Structure formats: structure tokens, C-alpha cells
2 protein chains.
Amino acid sequence: MYVPYSTQMTINQLLAEIKKEASKIENQMRSDLIELRPVIDDFLAEILEFGLFNGGKRLRPLLVVVASRLCGSSDEGIYRLACAFEYLHAATLFHDDIIDNSDIRRGKPTVNRKFGTTAAILAGDFLHAYAMSSVGRFSGKEGLRVFCEATTGMVDGEFMQLRNSENHNLSELDYHDVIMGKTGLLISAACAIGAIYGGGSSERVLALQTYGENLGCAFQIIDDLLDYQGDSAKTGKPVGNDLLEGKMTLPLIITLNKAADSDKKDILTVLADGKNREKFVTEIYQLIEKYNGFNLARGKAEEAVATACSALQVFNGKATFFERELLEGLANYVLIREK
Amino acid sequence: MYVPYSTQMTINQLLAEIKKEASKIENQMRSDLIELRPVIDDFLAEILEFGLFNGGKRLRPLLVVVASRLCGSSDEGIYRLACAFEYLHAATLFHDDIIDNSDIRRGKPTVNRKFGTTAAILAGDFLHAYAMSSVGRFSGKEGLRVFCEATTGMVDGEFMQLRNSENHNLSELDYHDVIMGKTGLLISAACAIGAIYGGGSSERVLALQTYGENLGCAFQIIDDLLDYQGDSAKTGKPVGNDLLEGKMTLPLIITLNKAADSDKKDILTVLADGKNREKFVTEIYQLIEKYNGFNLARGKAEEAVATACSALQVFNGKATFFERELLEGLANYVLIREK
């Protein structure tokens, strides 16, 4: 297995650093809102205030900032660009919560629940356009291209998921495409655009893009594992939800690929019958255990983290030792997070 | 009243020219879809095919093309940029049809009706991002700024409308802001970006922007008048719909501003009672006639058309005589259209 570059940074130091940066990012977001207030409708301003400040970790903007520093830039203007990723992320959450008919996010009502579907559609559209406009303003044509590609790719990924919602024969490759669209593309774009802003060479931009893709995939695999194995008191979500909804994630896909014909048939029969899935939850868990589906899925996340960290090897200067350690720490933290 | 620059172009010539350009624009849209097909999900491609080709006049891309020519450019690459306006327009229609719960558009089922709300939200998001990406690709930073400002302004206008949906005391100024957001901003941005692409001086960009704003406003005022006075066989919409929904448009706003206290009170009483509006439709029509609300509203549209055409006076060269005549013809056509 991959040996981390350094073990000098403790988890507490990592979390403190993330918190410190999140607070700088939120300051920028507050400034943006103050700038917007006089020119936007009061109702829209109220929704943005509510929907944008919800205790998020601000992971995507953080990556933009750290990537730019890793490429040697100390320009504090990066925060304005970085926030665009939080705006786009929020826009997709506003719309996703309509699509999934979700009432709660991070312990608060969702925007659609609190303000209605119309407001949630429009506020998402506003943030979408505002994010693009920030990227256009603070980044070059290349940055905008990467950002737009990530955005269209994300939506495209949701279509694939929509089209496959009743398909229980998803391959590992299909799953990889889905999680890339859902999580990998935007995280990877954050890393790439930070690197471009920081004046990184194309080799360095690519390295950070690779880091981001793999970080995003590892993050999503663990997220899907937590859905099976998490402590709902910590994750805030009911356990086994994906299975009950017939959503195909990695532990189940791996199991189906490995299972003997009779086991495979049993699993597919349970999945095909939406109403009776609940009765067979224990059986499915046992079958996943039988074929080692949970551990193998975790192994894929570990591989992705290893690939992410390896990509950072091009950054071997002393001056950016801290930033590299931060990104490695973050990637490894993904594997141990419990929520 | 304003005397047109030229009367050499007949309405039939104007319509033929619009049709010719619409066909070139649709060719470009088809090429874009062919380019997209291999990289997007089949279901998304199907929705785009359905939602983008519906017999629209392609007014916004047409304005981009003509504005660029009026500024002296003959670059055929303008069509790629021009289509972005149709994509953004379609994106807003997909989302508007969800918001208004509309089933029919141009005699066909709406995207949400045919493919469901989720697909309509996502396809709108895709086109939104794709439009931004085209503008970023084929236009400079300034063009992107204008485009994003129009987009955020449009959404902001919808919020104003949403917040004011139960406010029957709208002023003419409020109405102007609403129709600018709804129609004026995007049309004006189309003209400005065409001019920027065509290398127009800032004076010329501003002139076309003014033309666009006023064309858009005139278009929307007439649209709102047709809701009261149109022939539903021609417009394809039920007559008096806005009134039944309590939507405040210019004829009614003007009437309320001019009406004696007792008439004003009667109108507001009818508006306040959603369920009983239908019974008093004839009375409200008579009150609007009494205060000349329809003619005065039409007068505002005529004023806007005159302002639009006056703005074109900076284009006095022989080489662009045809383009100027086309834009003037289009503005005047808005006043006589019946659907």
C-alpha cells in the first residue's frame, strides 16, 4: 500500500487548517453577498444567505486556493475565484434537492422545502450564472473552459444516472463514470483552475487534475460505503438507504460481478421488487460480506487515494511542502472519515 | 410619431429574410448537436433534439448576426456564438415551464410534460452551461460579462415577479423592470455581443444595446396586450389569462394609475379575490377601455420602437443599409404582429 509522503501533520492540524481556510472563504462569500445585495432582489438575497451558509467544509474552494499556492502563487485574489466553486456546488445542491424531493440538508430545511420549488430553481440558476461570471472575470479562457466542461459533464452524469435508475446490471466502469460526474469532475476542475491561476506548468495542472479526480472518486466511494456501514448518528442519514432505493453502488456492483449464479439471481430478484427490498436487507448485507464487497470497495478508494497522492510527486520543492502535506492529509482523511 | 428610415422593405421581404437566417441558425444548431452527441448521454441528446427544434423564430441569434454585420463584420463564425442565445433562451423556457406548470408550448408538449421535471431541470442546466461555454469560447471577456449580467439579471427579474405576484399596486417603473428582466436584457445582450464580435466601437455597441432593450420592451408590451386583445386562434393562448391570474401588465397598471378612487377600489377588489375574477372580466375590460389603458399601453410600445429605431441612426453607411432596414423593419413588425 501507498506510504504517505509525510506523517508530520496530525489530523487535528489538518482539520484546524481546513477550518481556518473555510473561514477565509466564508469571509469572501460574505463580501460577495454584500456586493450583490444592492443589485439583486431582497428575496433572492435572503435565499442565498440561507442556502450558502450551512456549515459546509468549503472543500472545493479550499482546493482552488491550495492548488494555486502549490504552483507558487501567493495571490490572495484567488479567494474570489475559489468561491465560484462553492456557488456552483450550491446551485447543483439546490436543484438536486428538488429532484430528490429532499427536505433536510445538514440538519436544516432544504431551499426547496423552505422557499418552494420555484425559488429553488431560480436561485440555482442565479448561482450557476454568477459562478460562471466569476470564473470568466477572475480566470482566463482556459479556466472557463475547464469550469464549463465540468459543469456540462456533471449534468451529463446525472442523465446517465437517471437513465440507469432501473438498471441493476451496472458495471464498475459505469459506476466510475457516475461518481466522476457526481463528484470527481468539479473537484478536479477546482484543482486544475487553482493551478492555472497560480501559473502552474501544464504538467502541474495535469498532476493536480489527477489528484482531484482521484480524491473525488475516493470521497464518493467512501460516501457510498458509509451509506451501508455508517453510524446514522454520525452521518445524519438512515443506513442502507441506497440499497432500499435500489441504487447501485460499488459494494453491490462488485458483489454481483463475483457472485455465483444463484446468489446473483437472488440479489437481482430482491432489487427488482422495490416494495419488498426492506425484508431482505440482512440477506443482501450477508451476500456482500460473503463476496468481500465492502472490503474490495474500500480497497478501490485506497487505490484512488494512492493515485491522488502519487500525482503530487511533481511538487517536490521545500517551499510548498506544507501545501503538499495538506493535500495528502486531506486525501488520507477521506478514508477514515465517519461522516 | 416616428417615421421609419425606409419603407423599401416589405413585410414579406422581412419575414423571408428572418426565415432565411433562422434556417442558417438551425443548421448551426444541428452541427452543434452532432458535435455533442458522442460526448453526452443519449437521453439528454433526445431531450435537446425535442426541446430545441420547435419552430421558434430564432430572434435572439438573428440579432447577434445582424448586429455583427451592422458593425462591418462578415465573419460567418458569428453563427456559433449566436446559437448560445438560443440555448440560454431554451434553458430559461425549460425552467419556466416547470415553474408555470405548463403542458404545451408552440403546440407541442413542454419538456417537463414529456420527459418529467428532473429531466427538464437538468436539460436546462446543461444548456445554461453550454451557452456560457460557447460565449466564453467564441467571444471575449467583455462578451461573457454582458452575457452573464443578462443571465443573472433575468433570474433576478423573475424573483421580483415572484415577490410581487400578490402585489396589485405595481408601478409602471416596476413593470418596466419586470419586462426588462423577462425579455429586454437577453435581447439587448444579443445585440451588444453581436456588435462586440463585429468589432463595433463602444458608441455602436451602446446604440445596438439601446435598440435591443427597447425592442425587447416593445415586444413584451405587445405580448401582454395580445393576452387581452389577441385572437386565441392566432396566439394559441386563451384570451384574458393574465387578468384571470391576477398578473399585473401595462393596460391594467395604467388604468389603476388613472382611475377615479371608486373605479380603482372596484378593480383592486376583483383582483384580490382570485376565485371570482372570472365573473368580472367584462367589467374590468370596460374600465380599461374607459381609461384608455389599451391605447396608452400600445403608445408605450410605439415609443419604445421609435427609441429603438432612433438608436440606429449612428449606422448611416450605405454598406449596411440593408441590415439597418432589417432591424427597423423588425421593430415595426413587433407592433403589428398578431401572434
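1. A quick definition to start: the expected span of a helix is 1.5 Å times one less than its number of residues. Helices here are DSSP runs of H or I with at least four residues, strands are runs of E with at least two, and both are numbered from the N terminus. With that in hand, α6(B) has 22 residues and reaches 31 Å from its first C-alpha to its last, close to the 32 Å expected at 1.5 Å a residue. α6(B) is also mostly covered, with 19 of its 22 residues buried. Buried means that 20 or more other C-beta atoms lie within 10 Å of a residue's own, exposed means 12 or fewer, and partly exposed is in between, with C-beta atoms placed from the backbone.

2. Before going further, some housekeeping. This is a predicted model, where local features need pLDDT of at least 70 and side-chain atom pairs count only at pLDDT 80 or more, while totals for chains, interfaces and linings use all residues. Residues are numbered from 1 along each chain as its sequence is written, and chains are lettered from A and ligands numbered from 1 in the order in which they are written.

3. Now for the two chains together. In the model, 32 residues of chain B are in contact with 32 residues of chain A, contact being C-beta atoms, placed from the backbone, that lie within 7 Å. On the chain B side, α2, α4, α6 (117-138) and α7 (141-163) each supply at least two residues. α7(B) gives the most, with 13 residues. By class, the chain B side divides into 18 nonpolar, seven polar and seven charged residues. The classes work like this: Ala, Val, Leu, Ile, Met, Phe, Trp, Tyr, Cys and Pro count as nonpolar, Asp, Glu, Lys and Arg as charged, and the others, Gly among them, as polar.

4. α6(A) and α4(B) pack at an angle of about 165°, with their axes 9 Å apart. Axes are lines fitted to C-alpha atoms, for helices over the stretch in contact, and angles run from 0 to 180 degrees between N-to-C directions. The two helices are therefore roughly antiparallel to each other; angles over 145 degrees get that label, under 35 is roughly parallel, 65 to 115 roughly perpendicular and the rest oblique. On the residue level, T118(A), I121(A) and D125(A) in α6(A) meet H95(B), I98(B) and I99(B) in α4(B). That contact has three nonpolar, two polar and one charged residues.

5. Within chain A, α6 has another partner. Helix α4 (residues 78-99) and helix α6 (residues 117-138) of chain A pack at an angle of about 155°, with their axes 8 Å apart. That makes α4(A) roughly antiparallel to α6(A). Residues making the contact include Y87(A), L88(A) and F94(A) from α4(A), and L127(A), Y130(A) and F138(A) from α6(A). By class, the contact of α4(A) with α6(A) has 17 nonpolar, five polar and two charged residues.

6. What covers the buried residues of α16(A)? The cover includes α1 (11-36), α3 (59-70), α9 (202-229) and α15 (293-311) of chain A. α16(A) itself (residues 321-336) has 16 residues and reaches 23 Å, close to the 22 Å expected at 1.5 Å a residue. Among its buried residues are E323(A), R324(A), E325(A) and E328(A).

7. The axes of α1(A) and α16(A) come within 10 Å and cross at roughly 105°. That makes α1(A) roughly perpendicular to α16(A). I11(A), L14(A) and E17(A) in α1(A) meet L326(A), G329(A), L330(A) and Y333(A) in α16(A). As for α9(A), 22 of its 28 residues are buried, so it is largely enclosed by the rest of the structure.

8. Two backbone spots in chain B to check. Phi of R58(B) is near 60°, and phi of N101(B) is near 55°. R58(B) is in the loop between α2 (42-52) and α3 (59-70), whereas N101(B) is in the loop between α4 (78-99) and β1 (104-105). Which of these is buried or exposed? R58(B) is buried, with 25 other C-beta atoms within 10 Å. N101(B), with 11 C-beta neighbours inside 10 Å, counts as exposed.

Definitions and conventions: Two residues are in contact if their C-beta atoms, placed from the backbone, lie within 7 Å.
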